[in-house]
Amino acid sequence: MIVVATADFEVYHGVVNELRDRGTVFTTIEPDEELPDRATVVVTGDDQADAFTGVTTIVADPDDPRRAVDQALAAVRGDGGRTIIGVDPGRRPGIAVLTGETVVAAFQVPLGDAVDVIQREAAEAPSPVVRIGDGSRLESAKLVNELDTVQVELVDETGTTPYLGTGSRGMGDVLAAVNIARLEGEVVDGRDIEPTEGEIQVIKDRSRERSEHNRAIDEVLARRVAAGELTVDEALSEHRGEGSDSAAESTDADDSDDQ
């Protein structure tokens, strides 16, 4: 059982709310009370870090109670509590963090933020593994290539996206990430993808949609986006810069002709 024992109101409030949100069985005591017989993990504050013996003690940061709860859940589950992060790639990847068989956190963020989220979740976990679906080839390749500080597995994501009924919009990618996390994949260090003409055209179309003047980037820039070197917005910025330079050169040439 998880026991919350702290005189720090911020720690108490944050940890208790987090445990309740997850439906976790726990109890609370005053720091000077005896621990219940079933206590296996104590969550406390800095001031009671050395007050408890014979149990695992988690010292919670009042600004990050979720991290303490993640650690407590992992400790309760013992050897079965390895952290696995599943990722359903795409323009807004679904990300699910599992401790053992329990989903302890879930996110859906823009592709540009996904690596930071994954690295943050993996940072304090012992021997974490990140499992990334092999669909959305360009996006999955970008994630695999940027996650160079953690073990990454590439997973066959066939059949991982569940059927969703009415009112479930936005949940599919996260649920797919949960299913991906539960499948073993192939350990990879990188993923080289040669974009197809269709994928290049999709990137051009996306750039046209985001452009203020309904102009698409050229193929060279589109390929750099496909390789993860640029975002669409960065490619558009370069494209606009090149256009300005060309216009300036054209104006200079016209002025020269008039002289």
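**View 1. Helices α6 and α7 pack at about 100 degrees, their axes 9 Å apart.** This is a close-up of a predicted model. Angles from 65 to 115 degrees count as roughly perpendicular, and α6 and α7 are therefore roughly perpendicular to each other. On the α6 side, the contact is made by Glu 197, Ile 200, Ile 203 and Lys 204. Helix α7 (residues 219-226) contributes Glu 219, Ala 222, Arg 223, Val 225 and Ala 226. The loop between the two helices holds Asn 214. Phi of Asn 214 is near 55 degrees, a positive value in a residue other than glycine.

**View 2. Helix α6 has a buried side and a face turned away from it.** The helix covers residues 197-210, 14 residues in total. From first C-alpha to last, α6 reaches 20 Å, close to the 20 Å expected at 1.5 Å a residue. Buried in α6 are Glu 199, Ile 200, Ile 203, Lys 204, Arg 206 and Ser 207. These residues cover an arc of only 160 degrees around the axis, so they sit on the same side of α6. An α-helix has 3.6 residues a turn, so residues three or four places apart point the same way. The face turned away from the buried side carries exposed Glu 197 and Glu 209. Among the buried residues are Ile 200, Ile 203 and Lys 204, which also take part in the contact with α7.

**View 3. Six strands form an open sheet in the order β7-β6-β5-β8-β9-β10.** The pairing is mixed. Strands β7 (102-108) and β10 (186-188) stand at the edges. Each has a single partner strand, so one side of each is left without a neighbour in the sheet. Neighbouring strands are turned by 25 degrees against each other on average, direction ignored. Leu 154 has Glu 186 of β10 as its bridge partner.

**View 4. Ser 136 sits in the loop between β8 and α4.** Helix α4 covers residues 137-146. Phi of Ser 136 is near 45 degrees, a positive value in a residue other than glycine. Ser 136 is partly exposed, with a relative accessible area of 36%.

**View 5. Four strands make an open sheet in the order β2-β1-β3-β4.** Here the pairing is parallel. Strands β2 (26-29) and β4 are at the edges, and each pairs on one side only. The twist averages 25 degrees from one strand to the next. Strand β1 (residues 2-5) pairs with β2 in the parallel sense over four bridges. Val 3 stands opposite Thr 27 in β2.

**View 6. Asp 46 is found in the loop between β3 and β4.** Strand β3 covers residues 41-44, and β4 covers 56-59. The relative accessible area of Asp 46 is 67%. Residues over 50% count as exposed, so Asp 46 is exposed. Asp 46 and Ile 58 are 12 residues apart along the chain. Their C-alpha atoms are separated by 9.6 Å.

Note on methods:
Residues numbered from 1 in each chain as written. Predicted model: local features only at pLDDT ≥ 70, side-chain atom pairs only at ≥ 80, totals over all residues. Heavy atoms only, no water. Pairing = 2+ DSSP bridges. Axes fitted to C-alpha atoms, helices over the stretch in contact; angles between N-to-C directions. Expected span 1.5 Å × (residues − 1). Buried < 20%, exposed > 50% of the residue type's maximum accessible area, 1.4 Å probe, protein only. Arc of directions from axis to C-beta. Parallel < 35°, antiparallel > 145°, perpendicular 65-115°, else oblique. Contact = heavy atoms within 4.5 Å.
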